[in-house]
Amino acid sequence: MPGSEIRVAQGTYRPDPVIEGQFTNPNATFNLGKGVVLKGGYAGLKGTNPNERDVVEHETILSGDLNGDDDPVVRMADMIGDFHRGDNVYHVVTLSETDASSVLDGFTITGGIAVDTALPDKLGCGGAIYNDGGAATVRNCMIIGNAAEYYGGGVYNHGPGSPTFITCIMADNWAQWTGGAIYSQWSGLVTMSQCVLSNNGAQYSGGAVSGTSLAQFVISNCI
């Protein structure tokens, strides 16, 4: 509910299936709500102090690999169509229902494979994060090892969405069309500060960042 702060202990978490008993439903996703602050990196019961927080030491992973069977690939492009990734979700995290008070802080987001032919529904966009109209802040997150059949292997933003990324790492993400790390469409506004984008790729254009002519990016102090 709005105003809530949820602290998540170290470990790997997978979104629950949308259909009860069906553990390979690709529509499963973590939905961040309005006014909710979700923070990872806590020691939890495995530590002497459950409230101790270190996002590196106590890595908290949001994984789209529902069966936990993803193997490393030789090429990033091989994530599309990989047999072991057939169970993976389209979008690990969805920010569409967020506002400026929503925060996602201190997570590794991986294993999202946005593969679907229904382009109007954008299922084939935004493997790690899908945002349609939301305005959340994503902070201290690693967006790594995700892919999309169309746009935004790591992140897909659709206007009027206006997400902000602060001290995030986007690496090893792949888009079959354009925008390997992040893609923004229509009137979307993406703000990025103190972020690192490394080893992302796309088949056609925008290995790291891409968007339509109406999209806006404000990028500062990034590598």
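How many salt bridges does the count come to? Six, in what is a predicted model rather than an experimental one. Let's walk through a few of those pairs and then look at the pocket and the surface.

Start with Arg7, which pairs with Glu5; their closest N and O atoms sit 2.9 Å apart. Both ends get some solvent: Arg7 is partly exposed at 47% relative accessible area, and Glu5 is partly exposed too, at 43%. Another salt bridge links Asp78 to Arg75, again with 2.9 Å between the closest N and O atoms. Here Asp78 is partly exposed at 28%, while Arg75 comes out at 52% and counts as exposed.

Now for a pair with more sequence between its partners. Arg139 and Asp105 meet in a salt bridge at 3.7 Å, N to O. Arg139 belongs to strand β11 (residues 137-139) and Asp105 to strand β7 (residues 103-105), so this contact ties together parts that lie 34 residues apart in sequence.

Next, the largest pocket: its volume is about 300 Å³. It is lined by 16 residues, and those closest to the centre are Arg85, Thr110, Gly111, Ile144 and Gly145.

Finally, look at the outside. Met142, Ile169, Val196 and Ile223 make a nonpolar surface patch of about 340 Å². Of these, Ile223 sits in the segment after β23 (216-220) and is exposed, at 74% relative accessible area.

Notes: Residues numbered from 1 in each chain as written. Predicted model: local features only at pLDDT ≥ 70, side-chain atom pairs only at ≥ 80, totals over all residues. Heavy atoms only, no water. Patch = residues over 30% accessible without salt bridge, like charges linked within 9 Å, V, L, I, M, F, W, Y side chains within 5 Å. Areas by Shrake-Rupley, 256 points an atom, 1.4 Å probe, with all protein chains shown as cover. Salt bridge = Lys/Arg side-chain N within 4 Å of Asp/Glu carboxyl O. Helix = DSSP H or I, 4+ residues; strand = E, 2+ residues; numbered from the N terminus. Buried < 20%, exposed > 50% of the residue type's maximum accessible area, 1.4 Å probe, protein only. 1 Å grid on protein atoms, 1.4 Å probe; cavity = no way out; pocket = protein on both sides within 12 Å on 5 of 7 lines; lining within 4 Å. Points joined across faces, edges and corners; volume = space filled by probe spheres on them.
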